[in-house]
Amino acid sequence: MFEWILDILACPVCNNSLETKILKENDEEIIYGTLKCDLCNAKYPITDGIFNLLPPKRHLKNHLAKYRRLLRFYDRFSETYDEQYLNNPFFEYQRSVENRIINLTSPCGTVLDIGCGTGKQTLLLALKGCKVVGLDISKRMLKRVREKAKEQKLMDKIALVKATADFLPFKKLVFDRVYSIYAALNHVPKYKTAFKKIGQVLKNNGKIAITVINKQRILWWIYSLTNLKLNFLRKALRQNDGYLRIRLAKTGKLHDIWTHFYNPKKLKKILEEEKFQNIVLGGFFTFLRPKYDGKHEKFTRMEELLIYLDRKFRWKKPFNTLGYYLAIIAKK
Ligand SMILES: C[S@@+](CC[C@H](N)C(=O)[O-])C[C@H]1O[C@@H](n2cnc3c(N)ncnc32)[C@H](O)[C@@H]1O
Ligand SMILES: [Zn+2]
């Protein structure tokens, strides 16, 4: 049942194929075991049904501290991630947009979901009949996906991999589609490498759909100008990298998470350099600021109007590059 995932995994460091040793298994997954690379001698454990293919620490070099903080934050966030967004019309709207964007690529075959979190897209893609690899840097996020996949009897279609987007542990040309939804690629220090790797693991004619936070979001500018926060704006315009402030609902504590803010033109250029074609840029939350604090159960009339405009202008220039989030669809 799980042979399909063993066929596509490779060493994240040297891309060599891996030797599998199974210690405990059942019909749907390998529960414990190891994967070994004969070329660089690296060993990767399989525990609780999750393949841990993070590269050895020395390969993460000067970004190690960033990865550690991100990993710790998202591990903690996994406990309340789903609850935090319940009954929030802004978030429900966001999910409806993301689903439409995914559907525009006609999901099929074997697909990769980078930064799968608690599995919103992974489970949805499995329900559509795809074989899905849910990949995330946080093991606790992946554990949530595993619980849900078991409940929904989808384990035969899902494999879970702990890894980082800039060291994708797969052979070349193995995925029909690659997705990364809701800002996972904003947290990858070597984001250009991540796009290169995505291009390598995707089959020819394969498609991608990605959503990331936009550096050029118009509401940010308006907010800074109307609140006379010009220093904030100046700093924001200069910086490509910064810290995103996220509040964990459970503790009420704020966390500053390392983030790369994408410039739409540069993002398009990165994809062109990796030989992607038919690149389409869109945006959402262009006219309306997303509110994730859970105090809004219904949209006001004004917010409904702004959502209408958001839908109408999503793919139209110049609005397509001004949203809080950028959506990008492309073909290899
Ligand atoms: C905001 S969540 C989005 C999760 C999911 N796609 C969704 O829409 O709910 C971002 C996810 O990216 C993961 N992530 C952060 N940095 C990553 C990296 N370098 N490689 C892979 N995943 C990463 C986090 O652990 C987190 O689960
Ligand atoms: Zn290796």
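Author: A residue is called buried if 20 or more other C-beta atoms lie within 10 Å of its own, exposed if 12 or fewer, and partly exposed in between, with C-beta atoms placed from the backbone. This is a predicted model, in which local features need pLDDT of at least 70 and side-chain atom pairs count only at pLDDT 80 or more, while totals for chains, interfaces and linings use all residues. Residues are numbered from 1 along each chain as its sequence is written, and chains are lettered from A and ligands numbered from 1 in the order in which they are written.

Reader: Why does Thr 211 count as buried?

Author: Thr 211 counts as buried because it has 26 C-beta neighbours inside 10 Å. Thr 211 is found in strand S9, where strands (E, at least two residues) and helices (H or I, at least four) are DSSP runs numbered from the N terminus.

Reader: With which residues is Thr 211 in contact, leaving aside its neighbours within four places in sequence?

Author: Two residues are in contact if their C-beta atoms, placed from the backbone, lie within 7 Å. For Thr 211, with those neighbours left aside, the contacts are Glu 98, Ile 101, Ile 181, Tyr 182, Tyr 325, Leu 326 and Ala 327.

Reader: Which residues have the most contacts inside the largest nonpolar core?

Author: A nonpolar core is a set of buried Ala, Val, Leu, Ile, Met, Phe, Trp, Tyr and Cys residues joined through C-beta atoms within 7 Å. The largest one here has 85 residues, and Phe 51, Val 178, Leu 185 and Val 201 have the most contacts inside it. Strand S9 gives the most to this core, with six residues.
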